[in-house]
Amino acid sequence: MPILEVNNIKKTFESNKILKGISFSMEKGQVISIIGSSGSGKTTLLRCLNFLERPDEGTIAVHGETIFDATLPEDNAETLREKRLHFGMVFQQFNLFPQYTALENVALAPKLLASTESNDEIEQRALVLLEQMGLGNRIDKYPHQLSGGQQQRVAIARALALKPDILCFDEPTSALDPELTGEVLRVIRELADKHTTMIIVTHEMAFARDVADEVLFMDNGIVLEKGPAEQVINNPREERTRKFLSSLN
Ligand SMILES: Nc1ncnc2c1ncn2[C@@H]1O[C@H](COP(=O)(O)OP(=O)(O)OP(=O)(O)O)[C@@H](O)[C@H]1O
Ligand SMILES: [Mg+2]
């Protein structure tokens with residue numbers, strides 16, 4: 001059974017049709033990369049998956065359970081919060097809490113959630129996650145004491161701390177200097193090697209080709225082309241995909 005099934009998602013802003021019927025599914029452990037030109041709707045799609053936007057039409061199912069159906073009334077805030085936990089989100093701007101250390105940033109949300117874990121257990125887990133991100137010696141630092149690449153790795157640990165089914169990235173390296181991009185891409189690649197289910201919106205084509213199983217090319221609110229990463233990026237079928245890829249060089 002797919003871990004995620006997105007069916008016919010549509011979203012209009014102020015009479016502009018931004019998503020015109022997006023459908024795709026993915027299996028547990030799969031990595032999907034979403035590419036496409038500016039304004040094609042990539043961020044809007046991720047925001048719909050995380051219930052930051054409510055789609056006008058369509059359904060979203062996780063593990064076969066429909067968690068969103070546009071024909072049904074809106075969930076209350078509490079239910080939305082619970083459903084949102086299926087997805088982890090890492091944004092372009094790391095959005096860490098400036099007044100908290102790296103460790104506190106990672107441990108905060110799990111502590112706030114009613115859970116069976118003790119605070120000690122949560123902090124221990126946060127520590128392990130930060131170590132995995134190569135930040136074992138930075139746990140007591142505040143965001144302003146960390147480089148952009150380090151902050152983004154804290155943000156990844158923070159998303160993982162909530163044990164999402166699917167980890168979503170929206171251009172995770174585009175706010176970083178080129179020399180800091182590599183360290184963030186490296187930890188995402190390690191997560192892929194560990195079969196973390198991920199959706200990665202990126203402009204890094206070489207990275208998408210290497211790390212993703214499938215690539216979705218979005219154009220003007222639709223998935224114009226979808227296929228194995230290597231095929232879509234090295235040998236696209238659609239003229240529009242070819243044009244987009246050559247415009248990047
Ligand atoms: N809340 C909103 N209200 C009105 N228009 C919006 C809103 N959010 C997004 N849009 C519009 O939707 C379109 C798609 O935006 P989106 O951010 O999804 O594109 P994108 O593919 O992520 O682009 P980029 O590569 O530049 O990040 C844009 O024209 C944008 O102005
Ligand atoms: Mg975007």
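Colleague: In which sense does α3 pass α5, in a left-handed or a right-handed crossing?

Modeller: Please bear in mind that this is a predicted model. Helix α3 covers residues 102–112 and helix α5 covers residues 148–161, and their axes come within 8 Å. Where α3 passes α5, the crossing is right-handed.

Colleague: Is α3 roughly parallel or oblique to α5?

Modeller: The axes of α3 and α5 cross at roughly 20°. Angles under 35 degrees count as roughly parallel. Therefore the relation of α3 to α5 is roughly parallel.

Colleague: How is α5 placed against α6, roughly parallel or oblique?

Modeller: Helix α6 spans residues 178–193, and its axis comes within 8 Å of the axis of α5. The two axes cross at roughly 20°, and the crossing is right-handed. Because angles under 35 degrees count as roughly parallel, the arrangement of α5 and α6 is roughly parallel.

Colleague: Is α3 oblique or roughly parallel to α4?

Modeller: Helix α4 consists of residues 119–132, and the axes of α3 and α4 come within 9 Å. The crossing is right-handed, at an angle of roughly 130°. Roughly perpendicular ends at 115 degrees and roughly antiparallel begins over 145, so an angle between these limits counts as oblique. The relation of α3 to α4 is therefore oblique.

Colleague: Let us turn to the ligand. Which helix gives the most to the shell around ligand 1?

Modeller: There are 13 residues around ligand 1, and Ser38, Gly39, Lys42, Thr43 and Thr44 come nearest. One helix, made of residues 42–49, gives three residues to this shell. The helix that gives the most is α1.

Colleague: How many residues of the shell around ligand 1 are polar?

Modeller: The shell residues fall into three groups. Two are nonpolar and three are charged. The number of polar residues is eight.

Methods
Residues are numbered from 1 along each chain as its sequence is written. Chains are lettered from A and ligands numbered from 1 in the order in which they are written. This is a predicted model: local features need pLDDT of at least 70, side-chain atom pairs count only at pLDDT 80 or more; totals for chains, interfaces and linings use all residues. Side-chain values use heavy atoms; hydrogens and water are left out. A residue is near a molecule or strand if one of its heavy atoms lies within 4 Å of it. Helices (H or I, at least four residues) and strands (E, at least two) are DSSP runs, numbered from the N terminus. Ala, Val, Leu, Ile, Met, Phe, Trp, Tyr, Cys and Pro count as nonpolar, Asp, Glu, Lys and Arg as charged, and the others, Gly among them, as polar. Axes are lines fitted to C-alpha atoms, for helices over the stretch in contact, and angles run from 0 to 180 degrees between N-to-C directions. Angles under 35 degrees count as roughly parallel, over 145 as roughly antiparallel, 65 to 115 as roughly perpendicular and the rest as oblique. A crossing is left-handed if the near helix is turned anticlockwise from the far one by less than a right angle, and right-handed if clockwise.
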